[in-house]
Amino acid sequence: MILQKKWRKLSCVALAAVMLLTSSPWYGSTTVHAEPSVTMTSQEILSTGVVLKKYVWQSTRNNKDYKTNANVIEVDLTNPYAKLDVMTGTGNQFTKKQTVLGMAKETKAVAGVNGDFYNTQAEGVPEGPQISNGQLMATPPFIPGLYSFAIDKDNKPIVDMFSFQGKIITKDNASYTLGGINKTYYWYDDGTHSHIDGLFMYTSAWGQVDRSNDGVTVPTEVLVENNIIKQIADNGIINMIAPKDGYILRASGKAADFVRAHMKVGDPVVADYKVTVADPSKNYDVSTFKMMIGANTILVDGGQPAAFSRNVDDLCCYRSRTALGYSKDQKTAYVITVDNSGDSKGLSMTELQQFMVKVGVWKGMNLDGGGSTQMVARPLGEFDPVLINKTETGIQRKVVNGVGIYSTAPQGEVKDLFIQAPSFLFVNEQAALNFKGYDEYYNPIQSDKVTAQWSVADNMGTFKDNVFIPNKPGTANITAVSGKGSSSAKIEVVGRDQISSMKITADNVTLSEGETYKLPVVVTTKSGKTREMPPELVQWEVLGIQADVANGAITVKSLAGDQGAQLIARYDGFSTMTSIPVGIDKTWYDLDNYAVMTMPDKKPSDVTSSVYIRQSETGNKYLALDYDFGTSQEKGNRWAYATLDTGVLIEGQPQYMKVKVNGDESLNWLRAELIDNAGKSILVDLARSINWKGWKLLTADLTDYKPTYPIRVKSIYVVNEEIGRDEKAAKGTIGIDDITFTYRGSMAQPSNNSVKLTINKKDVTVNGKGMTLEQAPVIKEGNTLIPIRFVTDALGGTVRWDDAERKVTVIRGDKMVDLWVDNKDLIANGQRITAEVAPTIMNNLTVVPLRILSENLGWKVTWDGKTQQITLQ
């Protein structure tokens, strides 16, 4: 038996059309409290006979609503141009793992998903059998309950259990049982190692010279070419990959004794083998199969959830899943993934069965899942596929094989052309428009064979080749013509009047001298579309500090004496502003300067961990945390700690904690434990998955955890979680350096002056001192209008006048308002607002509506109805 923990956990997904599903009891502590619903949100043709459908599953867990996103590719097995096959590693070889996207690009697949389970500690070969393009590449293991998916010579799908029969016959007619072809080591159900006394064949599909050498057995190898023994390595290996016209036999124990007794160089040898169906009452001719891929347990049989054929140890867990099945009429294959990432909450194995039944699967099984789940598909008109699901770990894992979906259709006549462009454009933006198309079989059209003539109506802009530069706001009607085909698109061109809001994305920035910070400007149109503005179109103004802004980033030159910066971004007369305080970084842990006593710790006791000082190539000292979580099959998480001296207080109230970490790409969880002044333990997520190599600065916002200050740092530690453990590295080393705390500075506050005005009176007081206005406040259409420049100056703001636009800009603290005379539309803090009454000119002075300003500039307004007096603070 193969120890389950050494293999990728069972994985599958299920989808259904728009319908309600019947709930079933859970295994474990949770219960589905409502009938799930499944909604198809979109469908797209990928190729002739191949359709991608996207679904959302919604239900409740522990009385909380959740949803799960799923994808299903339906393949019409009656279509002569639609083909299912198996993709293998790199260069069609085992042991050379590759991402699904990489395999699909290499083999020119229209779409694909990850495939069979595999031993993560071994060379990287599938657990089950494999037939690719009609060629047998791997045989089934002798493990009961493992199912496989196959396509026979008549293009009929099969989901069943298969076995293997084989023997090697020598010149003297002696024979020895062949254990399999291209198999790594595994364990039988009685715990026996597969390669003890075993004889196994390895072909050129095995991509390395080391063949299943895990130290349990001693190999004796035999090189066979054209059925003649060419070389024998007694108690050793043959240092080559098997030739295409032969194979290498690996023998150990009694099998090695057989080699010594019956084989010698120059002798002929016969390999007699075949893959058979496990049930002898069935009469499949496996030798004629077009493809086959192994999996694990069956999930659906006869259109109903089936009893699991193998032990499933993650019934209670919600993971990403991959599945494969076919319809009752055997005309449709279903290739399925479901995501456990972000808002998509994965599926349990029992939920998975419900999905598959409702989508129409008559018989189906699960493929590898969790962090292995990947689905790629080629968009219409494109030549390369792209990843279309969200992976569980945030990276695309390299896997041993996958199911590829191919089109064998010839190039046909053009069916459709279309223009690819952003959702909207800005005035003077240089936008390269793409011209795509596909033929009657949905094959992409070669772009280098298609020349398009571009045009735009109503002088909305100009073209240089395919680059469009709009010159005014509105709707640009774009047309592309190529031969007999043409395509048109309406593209919104956005100016000031089409913008609803504009925002500078700098919420978590605190300024440090000499540093550069990106300043994305995001625009939302009145039609509800949102995108980032090209940085070259933004005009910047920096107040309060010395800095340069270029290509959408600010570089701080000097902060001398400043508390922060006011950054104003403008486009076509629409403005927005953000205020960024000066940040104060204080390094707390730096082995070159500020060392803190650090010791190793671990849980449970069989975990090993150590901490020691290393020196980088540049001479910088840092802390290394070594860990080995072992191979124990005990349940529960495992931890390795670098514990620090909790007697050292962190001064003040830091907003951020920053740590430089040298990642090991282990996919383990990295956390910090803090102790606050109330004695509460605060577990801070530094990285949910260590999915990078090399140094990386990690930042955690401590305000999210609401600690009681002051705080102490107890440890930095690595967590090896039980769920998905087989997908994470058990051993590794991370580096830790420069633990820094950032204290957010404060912006200068506007004055606390008090201004008292009276309707229709020019008398005014500022902090009790009497003054005279040139224009008294008035009431117009139920709204109070006040002289803006006097009041703003008195309350600690600034007023700017743009005579060309007849525009008033008011800036006070971190707030800014743009108003246009005789126009009710105004822009307050980057948001378009419509006032009840427009600003106007009285006695050559601009008066503006009080309510709008007070709401958007942070003024406190007190109204005395009896005296008609207004107090502003």
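Modeller: The account below begins with confidence and then turns to the helix and the sheet. This is a predicted model, in which local features need pLDDT of at least 70 and side-chain atom pairs count only at pLDDT 80 or more, while totals for chains, interfaces and linings use all residues. Residues are numbered from 1 along each chain as its sequence is written, and side-chain values use heavy atoms, with hydrogens and water left out.

The average pLDDT (the predictor's confidence in each residue, from 0 to 100) is 89 for the protein, and 94% of the residues score at least 70. Over residues 1–33 the pLDDT is below 50, yet this stretch has 160 contacts (heavy atoms within 4.5 Å) beyond near neighbours in sequence.

Helices (H or I, at least four residues) and strands (E, at least two) are DSSP runs, numbered from the N terminus. Helix α5 spans residues 850–857 and is largely enclosed by the rest of the structure, because six of its eight residues are buried. Buried means under 20% relative accessible area, with a 1.4 Å probe and protein chains only. Those buried residues are L850, I852, L853, S854, N856 and L857. After α5 comes G858, with a positive phi near 75 degrees.

The open sheet contains five strands, ordered β61-β60-β59-β72-β71, with antiparallel pairing. Its edge strands, β61 (769–772) and β71 (861–864), each pair on one side only. Pairing requires at least two DSSP bridges between two strands. Three bridges join β59 (residues 755–758) to β60 (residues 763–766) in the antiparallel sense, and L757 stands opposite V764 in β60.

Methods: Buried means under 20% relative accessible area, exposed over 50%, partly exposed in between (1.4 Å probe, protein chains only).
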